[in-house]
Structures are given as C-alpha cells and as structure tokens.
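Subject: Structure handover

Hello,

The structure is placed below for you to look through. My notes on what was found follow it.

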Amino acid sequence: MSIIEVLALPFFQRAIIGGIVVAIISGLMGVFMVLKKSTFFGETIAHASLTGVAIGLLLGFEPLLGAILFAVFLSLSLPWLEKNTNLSMDNLLGFTLSISVGLAVVLLSFLPGYQPELMSYLFGSILSVTWSGIGLISVFGVVIIGVVLRYHTLLSAVVFDQEYARLRGINTWVVNALLSTLFAITIVLCSRLVGVILVNALLILPTLIARSYARSLRELFLLVPPIAVGCVMLGLITSVVINIPTGPTIAVLTGTIFLFSTLIRRR
Amino acid sequence: MKTSSLKQKSAAVSFSDVSVTYGGDKLATENVSFTVPAGSLTVLIGPNGSGKSSLLKSLLGIVDYTGQIQIFGQEPRKSYPQIGYVPQRFSFDPTIPITIQEFLSISFLHCDTPVAQRPELLMKSLQEFGALELVTKQLSQLSGGQLQRVLLARAFLHQPRLVILDEPETGIDVEGGKSFYELLFRQVKQAGLTAIIASHELEIVSKYADQVVCINKQLLCSGAPKQILSSKNLASVFGSHVGMYVHH
C-alpha cells in the first residue's frame, strides 16, 4: 500500500492527529522529566495506569479516563508517602511497579473473555483510536500545552532549584503537584500511542536527541516537539506501509535516531 | 567595629536555644544562642561537622530545629523574600544547556520588577560581581569561581536585606576566593546589608567581619575578630594543632 493510499484512510488520519498531539505534549513534558530526573517515576506511573484501565473496564467507563485518574492519584500520593513515611521514592516506585501490573491482570480476570484493552495499553494502539478518543486526547493536549506556555518559567525555576523557589515564596508543593498531574496525563496519553512498556522512548529520547544540539534551554524547548512529532510520524507511516506494530516501530526508530544523533555529535 | 557599638544596633537575626538534630539522634547543634546586628557582617567559624551549615539551614527552613529564630523581628518564613542565599553546593545536571541569562531570568520569582526592566537588572547584578562576560555561557561551562559569582549575582537580584553564604569559597582557588570576598564585602557594605557567612578563611574573616561566632555543636565564643581570633580560642574551636597562616 502506498503512502498516498494510507493517508486517505480515516483510521490513519485519526492516528496522525492523535500522534501529533501526543508527540508535542510528550516532548514538552519530557524536558521537565529529564530536568527533574524522573525517568523511573514515569516508567512506574505508566505501568500502574494499567490498574486504572482495568478499573475503568470493570466499572464500565472509558478506560483511558480510568487510566488518567489512577495515574494522577498515584503521582500525587507517592511524593506524599515519601515525605510522611520512612520509605524512599526508590522503594515506593519499586513496590508500585511490581504490584500494579499484577493488580491490573487480577482485576481484568473478573471480566469474561479475552481482554484486548490490556494488550492495546501494553504495546499501544493509536491506529484503533476512535474520534471520541481523539477528542479526549486533544482536550488534555490543549490543557497541557496551555499550562506549559503560561507557566514554563515557574515550572523551570522549581524543577531547576526548588530550594531557591521556596525561599522566593513559591509554594513548591503546589507546583510539584501540578507537574505530577501533567506527567501522569502525558504518560497515559503516550501509553495509548506506544504502549506502557515503551512510553519512555517517546517521553525521554526526543529530549536527549535535542539536548545534543540545543545551546540554551529555550532552544531545547523549541527543538523537542518537532523532533518528537517527526519520530512519531516516521514510525506511524513506516508501521502502516510495512505492516508491523506501530508503537514498537516508533520506539525503535526514535531510539535509532537518538543513537545516530549521538554518534554524529561526537564526531 | 567595636563590640559595644555592635551590640547597640538592633538585631537583624536572633537565634535562641537553637538545636538541630538529624534522624532523631544525630546532634548537629545544641542550644545555640546569638544575635546578628543589622548592617553587620557575621562570620560563623568552626571545623567540618561543627553545625555551621545546619544553623544556616535552620534559619532558611531547610532543616527542622527546636528553639526560636527570628529574622527582622518576625518568624523566618515571613522574611524569606528579603534573603539572598548562596548554598555551599549547588548541584545541577551539567547536560542541560541552560545559559546564565536563562538561569537568572527564571530566578525572577515573586518579583515586583516589571518584565521589561529585568534584563537590565540581570546585567547590572552580573556586572557588580564581575560576571558580565559569562551571560551567554552555559552553566556547565563555568569554573567553580565563576559559578560562585553567578550565584552571588542571583542572590543580590532581588535587592535583599540579608545575605547568607555557606562556605562560598568551596571549589575556588586562594586568589579567586580573595577577590570573591572583596567583591562580596564591598557590595554588602555599600548597600548596608546584613550578612551571615560560614567560612574557613580566617584571614579574610579577620579583615572584614564585624562579628565572629565560633561553633562546634555549641556556641563556644562570639565577638569582634581581634578578640576571638586568638590562639587560645582557635585551639578550643579547632583543636590544639591549628594556627593562622597568612596566604601570600
């Protein structure tokens, strides 16, 4: 099938729209995740969101919403637990990661028959997203982009030097809670595209690619979204033309681009 | 400045029976009480692990403490926006390409200065600390001494009333440390600020400080440099093997 033929297909058009929105927000939030060194946090929230999917399916509402709500709940709870118990974030993330996937599978076992939703969230299913799903992705996407555009200086300041921000009178707890919420939503939307297992490929790698070339923080924020969009579009088109899974294709191509860009930069 | 006239000035900062304990049982400081007169330069001296940094961190609300601390006559939290702080160690990810201009621009938090005037204020602050030529460099490209100057410029960005520096000579060579302190003290004196510095540079302390406070878990002595920096006092603070050597 040629690219022109593929572009005419409605499911592919939905995938392009969803892919562009998810790529932009994952690029922007990925910069903050790298600044905050929250890679493992993102990985854990992605896996834990499967429990939200299972809860959504069991209770009969949109699993994407269930995933987002559960991810947001965890993103806010884990820092609170770290502060109020003697458990380190590393311990908490390890516990959450190991329990959450098991809990999701157990909950889904109460539903009759094979559960394709689990597989679609594990490996991504942007090609099967509906117009209502696109609507949900777009609404969240606009909110995240709007918050980042409006508050990027404040978010950067808190992430870069939280102690200084606190002394300047910023309620860093609120800002960190906002960041955690935005991370959670972005991670779940990314999972829809590349799957829970590969979400870090889209969240982190575009930032690492751009970091080699950016000469300032501003350039970094400007470079990351187009790099992320380019990787997603390339992966999307390649997967449909060759007929291979989309999520893993995006992850592999993004990883390959990162590798080459690093090697070229070193020369 | 003589101790008697120092005592006549109102207290900018007061510590009353301040104790800092880590993890419930590791004592950092115990029942420390002293005041820092307004417009004076107070230096905390003591060996490593004596509690100097812990005292400064308790003042800034970074660590919990028992006792009472007041800044400008009120609880510390209300005075934070009037404080400029340079930490002992400033850690950041060196792979992030943030320029000095961006680093200082994102530091304009809760600031009344109109946005249009901020670039000029930023440049002025860098110029005052001999760091103007660094404005387009990335944070990761700076030497230890250059980074300290930039952190100092940041601390003065909001025109503070109180500046707190925790061993600012860390990571700087001897000559760099001298010029750094001279710049700092000139700015402090010109603006009539109150400054509290934890330092190991006793020669510089003796030259510029109005008050020296000796800490080794507890308050051992405090007063004018000429009174405090005697061999007997230094021995009680640092141990009998310590003496003062002048850098050439």
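A residue is called buried when its relative accessible area is under 20%, exposed when over 50%, and partly exposed in between (1.4 Å probe, protein chains only). Because its relative accessibility is 14%, Asn200(A) counts as buried.

This is a predicted model, in which local features need pLDDT of at least 70 and side-chain atom pairs count only at pLDDT 80 or more, while totals for chains, interfaces and linings use all residues. Side-chain values use heavy atoms, with hydrogens and water left out, residues are numbered from 1 along each chain as its sequence is written, and chains are lettered from A and ligands numbered from 1 in the order in which they are written.

To stay with Asn200(A): this residue is in helix H10 (residues 199–211) of chain A. Helices (H or I, at least four residues) and strands (E, at least two) are DSSP runs, numbered from the N terminus. Apart from neighbours within four places in sequence, Asn200(A) is in contact (heavy atoms within 4.5 Å) with Thr39(A), Glu43(A) and Leu205(A). With Thr39(A), the side chain of Asn200(A) reaches the backbone oxygen at 3.4 Å.

Next, chain B by itself. Chain B has 10 helices and 9 strands, and 53% of its 248 residues count as buried. Among contacts in chain B with a separation of 6 or more, 68% are between residues 24 or more positions apart. The accessible surface of chain B (Shrake-Rupley method, 1.4 Å probe; for residues, only the protein chains shown count as cover) is about 11300 Å², and carbon and sulfur atoms account for 49% of that.

Last, the interface. Here 25 residues of chain B are in contact with 24 residues of chain A. The buried area, meaning the accessible area (1.4 Å probe) that two parts lose on being put together, summed over both, is about 2300 Å² between chain B and chain A, with 64% from carbon and sulfur atoms. Of the area that chain B buries against chain A, Ile96(B), Ile106(B) and Leu109(B) supply 27%, more than any other three residues.

The two chains share 2 salt bridges, each being a side-chain nitrogen of Lys or Arg within 4 Å of a carboxyl oxygen of Asp or Glu. One of them joins the side chains of Asp161(A) and Arg154(B) at 2.8 Å, N to O. On the side of chain B that touches chain A, helix H4 (residues 100–105) of chain B gives the most, with 3 residues.

Regards

Key: A polar contact is a pair of N or O atoms within 3.5 Å; within protein, one must be able to donate a hydrogen and the other to accept it, and residues adjacent in sequence count only if both atoms are side-chain atoms.
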